[in-house]
Amino acid sequence: AENTNKELGGLKQSSENTNKEPGGLKQSVGYALENEAYRSLPGYLQKHYEIELTEKLIRKEINGEEINILGTGKKNGKNIVVVGEATLRLSSARKFKQLERKVEIAEQLYPEYEIIPIVITHFATAEIQQRALHEEIIVIQSFQWA
C-alpha cells in the first residue's frame, strides 16, 4: 500500500508538471519540426519548386521577430530568399499573418531579392491549403518530404 501511494503521488506530480508545461512541450515539438525541415527542405524545394538554396536554412531573430526558416538561393537565375513559419497544425490563417510580418522584415533586409514565403507543418486543412495557394504561400506538410 505504501508503494502504491508513493507511485500515485509520483504520477500526480508528473501530471501536474505536464499540465503546467504544455507550452514547453509544444515548443520542443515545434523546434523538432523545424530541425527536420532544415535537413529535408533543400532537396524538396529544388525538386518541386526549382529553388536551389545557396546557404543553409537557419532560424534567426531579426528586430525582435523570430523567423523560423530563412535562407537565400536562386530560382530561374533570380536571387530569392525563403522565409518560413513552422506550425504543428495549420488550420487557420493566423500563421499567415505572422508570416506576413516576417516577409516584411526580409523585404527590408533583402530589397533586391524575391521573397518566397513558406509554411511547414505536420498537417494543413484542405481549406487553408487552398487559401495558401491563392496567396502564393508554399505549404509543405512533413510527410511530403519523407
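Predicted model: local features only at pLDDT ≥ 70, side-chain atom pairs only at ≥ 80, totals over all residues.
Residues are numbered from 1 along each chain as its sequence is written, and side-chain values use heavy atoms, with hydrogens and water left out.

Strand β3 spans residues 65-75. Helices (H or I, at least four residues) and strands (E, at least two) are DSSP runs, numbered from the N terminus. Of the 11 residues of β3, 8 are buried, so the strand is largely enclosed by the rest of the structure. Buried means under 20% relative accessible area, exposed means over 50%, and partly exposed lies in between (1.4 Å probe, protein chains only).

Strand β3 pairs with β1, β2 and β4. Two strands pair if DSSP finds at least two bridges between them. Strand β1 (residues 51-53) pairs with β3 in the antiparallel sense over 3 bridges. Here Ile-51 has Lys-75 as its bridge partner in β3. Strand β2 (residues 58-62) is also antiparallel to β3, with 4 bridges. Ile-62 stands opposite Glu-65 of β3. The hairpin of β2 and β3 has 2 residues between the strands, and Asn-63 takes a positive phi near 50°. Strand β4 (residues 78-90) pairs with β3 over 7 bridges, again in the antiparallel sense. Within this pairing, Ile-69 faces Gly-84 in β4. β3 and β4 form a hairpin with 2 residues between them. Asn-76, in the turn, has a positive phi of about 50°.

The count of salt bridges comes to 8. A salt bridge is a side-chain nitrogen of Lys or Arg within 4 Å of a carboxyl oxygen of Asp or Glu. One of them joins Lys-78 and Glu-114 (3.2 Å, N to O). Lys-78 lies in strand β4 and Glu-114 in strand β5, so the pair ties together parts that are 36 residues apart in sequence. Both ends are partly exposed: Lys-78 has a relative accessible area of 48%, and Glu-114 has 32%.

Glu-85 takes part in salt bridges with Lys-95 and Lys-102. The side chains of Glu-85 and Lys-95 meet at 3.1 Å, N to O. This pair links strand β4 to helix α3 (residues 94-109), with the two residues 10 apart. Both Glu-85 and Lys-95 are buried. For Lys-102 and Glu-85, the closest N and O atoms are 2.5 Å apart. Lys-102 also lies in helix α3, 17 residues from Glu-85 in strand β4. Lys-102 is buried at 6% relative accessible area, and Glu-85 is buried at 2%. A network of salt bridges links Glu-65, Glu-85, Lys-95, Arg-101 and Lys-102.

Rolling a probe the size of a water molecule over the atoms shows where empty space is left. On a 1 Å grid over the protein atoms alone, a 1.4 Å probe is used, and a pocket is an open set of points with protein on both sides within 12 Å along at least five of seven lines. Lining residues have an atom within 4 Å of a point. The second largest pocket holds about 310 Å³ of space. Its lining has 15 residues, and Tyr-49, Leu-133, Ile-137, Ile-138 and Val-139 lie nearest the centre. The elements that give two or more residues to this lining are α2 (22-49), β5 (114-124), α4 (126-134) and β6 (138-141). The largest share, 4 residues, comes from β5.

Technical notes:
Points joined across faces, edges and corners; volume = space filled by probe spheres on them.
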